[in-house]
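Hi,

Here is the structure I promised to pass on. Have a look at it first, and then read my notes below.

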Amino acid sequence: MSRLLRGLFLAGLLGGAVLVAVPGAASASAVTATQPGCQADAACAALVDQVGVAAEHAFARATAHAILAAKTVQGVGFTGGSSAVTSYCDALPGTCGQATGGYADMPGKTGPNNNPTDVPGLLAGHYTDPNVLTGTTAFIMPGGATVGVEVRGSAPGSRETEVVRSDQVTQPINAVVLSGGSAYGLAAADGVAQWLEQNHLGLPLKGGVVPIVPSAIIFDPGRFGPFTVHPTAQFGFNAATAAKAGPLAEGSVGAGAGAESGGVKGGIGFASEDLGNGIIVAAAADVNSVGDVYDTGNACILYGARLQLAGEFKGVRPPPNGCTTASGSALAVNLHPAQPVRNTTVGIVATNLALDKAMANKLAQYGQDGMALGIRPSHTMLDGDTVFSISTGTVTGPAAVGPVGLPNTTAARGAGVALLAFCGAGMVLLLAPRLLAALARRRSPSSVPN
Amino acid sequence: MTRHRVTRVALSALATPVVRAVLVGALALTLVPAAPASAAQAGTAGSNDDITDVGGITVGNYTNTTAMTGTTVVYATSRATAGVDVRSGTPITRETDLLSPVNEVQHLNAVLLTGGGDYGLAAGPGVMQWLEDQGIGYPVGLPGTPGSPAQVVPIVPGAAINDLGNGGQFGVRPDNSYGYNAINTAAGGPIPQGNVGAGAGAIAGGLKGGLGSASQQVTDSITGQSVGMIGALVIVNSSGTPVDAGGGCRLLGAEFSFSSDLTNYKTPPAGCGSYVPPARPSSGPLVNRGGVIGVVATDINLDKALSQKMAQVAQDGITRAIDPAHTMFDGDVVFGLSTGQVNPTIGGVANVLPDCIHQEQSLSDIGCLLVMNDILAAAHDVMSRAITHAMLNARSAAGFPPSYCAQFQGACPAADSAPPPTTATHAAVPSKPSLPRLPKPPRIDKLKPSGLPQLPGLPRSGPSLASLSLVLLLGLSLAARRGAPRPLRAGARRPA
């Protein structure tokens with residue numbers, strides 16, 4: 001019996017040693033989550049670069065989708081706000097819904113829905129207030145994601161941006177929330193956290209989970225309704241409940257409901273690109289900018305539409321009469337509206353490529369360059385331009401791009417340590433009496449039988 | 001079959017890069033109304049249309065025309081408040097940390113822009129030495145006396161481009177004599193542009209890059225009045241391309257240019273022709289392969305934070321003019337400088353902009369914030385224009401790809417020819433210009449240790465706690481066994 005036990009414990013000790021040692025050796029070549037990726041590795045950097053440029057373009061394309069889907073708001077008859085804002089399509093007749101003369105394609109193809117839910121592991125949902133144009137859009141990652149952020153506006157409204165920066169501890173993030181309502185609208189993220197808790201998603205702790213919900217807002221209070229109406233926790237909860245993969249409404253919905261961009265109605269827009277190598281890149285842009293999404297120096301063509309993939313802006317062409325509006329006046333640069341208020345464009349860029357935190361933050365930088373391509377000027381004193389990046393990590397590149405396999409490595413090592421401890425203790429218990437007895441025999445002649 | 005489907009089929013069938021570029025270019029020309037060459041933004045350039053139009057800014061260059069590398073110094077003659085924005089994967093910089101708004105030093109004396117990659121940062125001390133000789137810098141000790149300059153530390157932040165080996169000579173790179181000579185020649189404009197200073201060895205997207213500069217008035221867009229001057233100086237050396245390869249290879253920055261920038265400039269008559277943007281890097285060591293480095297400067301009084309903000313938005317001007325910018329392979333760095341000579345008149349009152357903005361004004365009195373926005377929009381545009389100037393002034397050189405004007409014949413006002421064959425005969429390295437005074441560093445073998453104090457003796461290590469406790473345990477168990485022998489557990493052998 002004891003011989004059998006001894007054999008078992010010995011085998012356990014050996015197995016534990018292997019489990020501890022071998023993943024350790026493997027992880028030496030992989031990058032751990034606390035190191036920046038792509039150290040001295042051009043192949044890895046090239047992959048990040050490819051995804052980054054696609055994200056940059058996707059964000060710029062999303063700004064065009066946002067502005068094209070936005071609908072003219074007629075006067076709503078409340079006091080203290082702007083009463084009517086025309087959409088780009090309505091302001092420039094003969095531009096949208098045309099049979100011929102579209103923008104040229106760039107090489108490349110969109111994902112099936114041309115929105116962020118083309119990225120595996122990413123769901124999205126809107127909630128729009130039924131009475132006042134404001135709302136919330138939630139991006140849900142049930143399997144967790146690495147998130148980065150780049151804040152480049154001078155009037156940002158945000159929460160949980162510090163924890164996703166490169167130098168902080170890696171946390172799996174299950175949601176990113178965009179909302180109207182200025183700083184008040186950050187309350188919507190609380191509702192998303194509540195929804196995540198009910199679905200047991202978040203950082204697992206003893207007794208429950210803690211969802212980490214980064215969020216950024218746009219300024220829309222008082223624009224199309226009373227100043228005091230803004231998104232609440234209920235908005236976030238409803239948006240998370242509505243989250244799904246598939247086609248998603250664009251324009252004056254969710255966080256884009258109350259948006260205004262330059263002189264025209266703003267909104268939320270999406271775009272995605274299938275890189276053809278298993279990697280999907282996507283963006284969402286909630287366009288509520290001081291600057292314009294069209295080139296007032298060049299016939300008011302849409303900046304983002306010049307990056308069209310596969311005829312995605314079908315029916316839209318450069319304005320036939322340039323910047324001349326239906327009323328005969330010029331579509332003005334709206335840098336100084338009569339009633340200057342705060343603006344802000346927020347959004348996400350997302351990919352299924354596994355990235356570590358440093359590279360995720362780099363991806364958010366590429367997203368901000370997409371904003372600069374799509375909106376001119378961006379990042380002004382009156383904008384709080386913020387872009388989150390989301391890496392769901394369902395596709396892995398070279399080891400150095402991200403902490404590939406690290407969770408498994410950690411688990412295996414943990415199991416090895418536990419096995420070593422258990423079998424070691426068992427071995428000691430088995431052998432100790434014999435050792436003590438042997439010692440006692442040698443040291444104490446009185447106990448030796450004659 | 002719709003037109004875009006034709007495009008896609010054609011693209012998949014004809015996948016070679018050359019055909020693709022020509023095809024996309026041709027389609028872009030047919031489908032999008034090509035921007036007429038006269039399309040330009042409204043605005044007023046300064047008299048030199050370069051950064052020296054900003055009061056308190058001069059520029060000096062030192063160029064090694066044989067090895068094609070060099071150094072450029074933007075000199076703030078009465079110092080400047082400054083910030084920096086670094087937005088790229090492989091930046092090469094010095095003294096950027098002190099520019100953070102949370103750090104103490106408020107002003108810089110000069111900005112170093114240089115070739116030579118990381119080696120090229122060696123030009124910085126030469127700039128410092130020249131400034132020290134004049135007694136210019138951050139005061140840290142005694143004031144100057146005749147024959148003995150003030151005890152100062154010149155503040156010279158800088159950035160470098162990696163032009164090592166561009167033109168064929170990897171081993172020749174700027175040292176401190178380049179920095180000294182560059183600032184020693186600093187003067188007002190008009191300044192030379194193209195293959196000069198740090199722009200000598202620059203390559204941008206498979207074309208000869210170079211130094212470019214531009215200036216323009218900052219216009220209060222409410223009153224239409226000029227509130228100050230802004231200028232940019234940039235070294236265009238990028239992994240991305242400065243041309244619209246999908247739109248007839250027009251310069252991307254031309255979109256934000258004034259008609260004065262584009263006098264006699266035309267969209268390339270033959271489209272992109274044989275030009276294909278270089279493939280993105282995909283192997284080899286991860287080093288800086290491009291980097292647009294530059295300065296945006298204004299005479300409007302800003303603090304460090306607002307100067308940094310101006311640099312940040314000027315980076316957007318690079319985003320617009322280079323496709324793509326700020327990549328893993330670029331070292332894009334922009335310094336923002338304020339010489340502080342002008343407090344803009346807003347609502348009839350001269351305003352110190354930072355104070356005015358930081359007062360968190362009410363909605364009806366937001367003028368300062370809006371003027372700051374005008375500065376930012378101008379910073380964006382002036383940077384794009386400076387990049388356009390760099391590309392139009394760059395000239396083909398042995399061992400380099402052709403210049404924009406040589407590659408796209410008929411586009412430029414001043415024609416350029418294709419570069420000579422790339423089998424450049426590497427001329428002997430020219431003798432370096434001598435410095436007037438370089439203090440000799442003390443010889444290392446003469447440096448004696450200044451008598452290190454003897455370390456106190458460590459206590460002799462005794463038996464460890466673990467071994468003590470083990471002995472104790474064993475002793476206890478033996479004592480227990482001797483005192484009262486207890487029956488052993490079943491399965492153990494009982495002493496006979």
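A quick definition to start: helices (H or I, at least four residues) and strands (E, at least two) are DSSP runs, numbered from the N terminus. Counted that way, chain A has seven helices and 15 strands.

Some housekeeping. This is a predicted model, so local features need pLDDT of at least 70 and side-chain atom pairs count only at pLDDT 80 or more, while totals for chains, interfaces and linings use all residues. Residues are numbered from 1 along each chain as its sequence is written, chains are lettered from A and ligands numbered from 1 in the order in which they are written, and side-chain values use heavy atoms, with hydrogens and water left out.

Chain A as a whole

Of the 450 residues in chain A, 57% are buried (under 20% relative accessible area, with exposed meaning over 50% and partly exposed in between; 1.4 Å probe, protein chains only). Take the contacts in chain A (heavy atoms within 4.5 Å) with a separation of 6 or more: 81% of them join residues 24 or more positions apart.

A glycine to look up

Find A:G258 in the loop between α5 (233-241) and β8 (260-261) of chain A. Is A:G258 buried or exposed? With a relative accessible area of 0%, A:G258 is buried. Leaving out residues up to four places away in sequence, A:G258 touches A:L133, A:T134, A:D220, A:R223, A:F224, A:K265 and A:N288. A:I218 is 40 residues from A:G258 in sequence, yet their C-alpha atoms are 8.8 Å apart.

Over to chain B

Helix α5 (residues 176-184) of chain B is largely enclosed by the rest of the structure, because seven of its nine residues are buried. Those buried residues, B:Y178 and B:I183 among them, pack against β1 (57-64), β2 (69-86), β4 (107-114) and α4 (123-133) of chain B.

Then there is a helix pair: α6 (residues 304-321) and α8 (residues 367-393) of chain B pack at about 40°, with their axes 7 Å apart. (Axes are lines fitted to C-alpha atoms, for helices over the stretch in contact, and angles run from 0 to 180 degrees between N-to-C directions.) That angle makes α6(B) oblique to α8(B); under 35 degrees counts as roughly parallel, over 145 as roughly antiparallel, 65 to 115 as roughly perpendicular and the rest as oblique. Residues of α6(B) in this contact include B:L306 and B:V313, and those of α8(B) include B:M372 and B:I387.

Cheers
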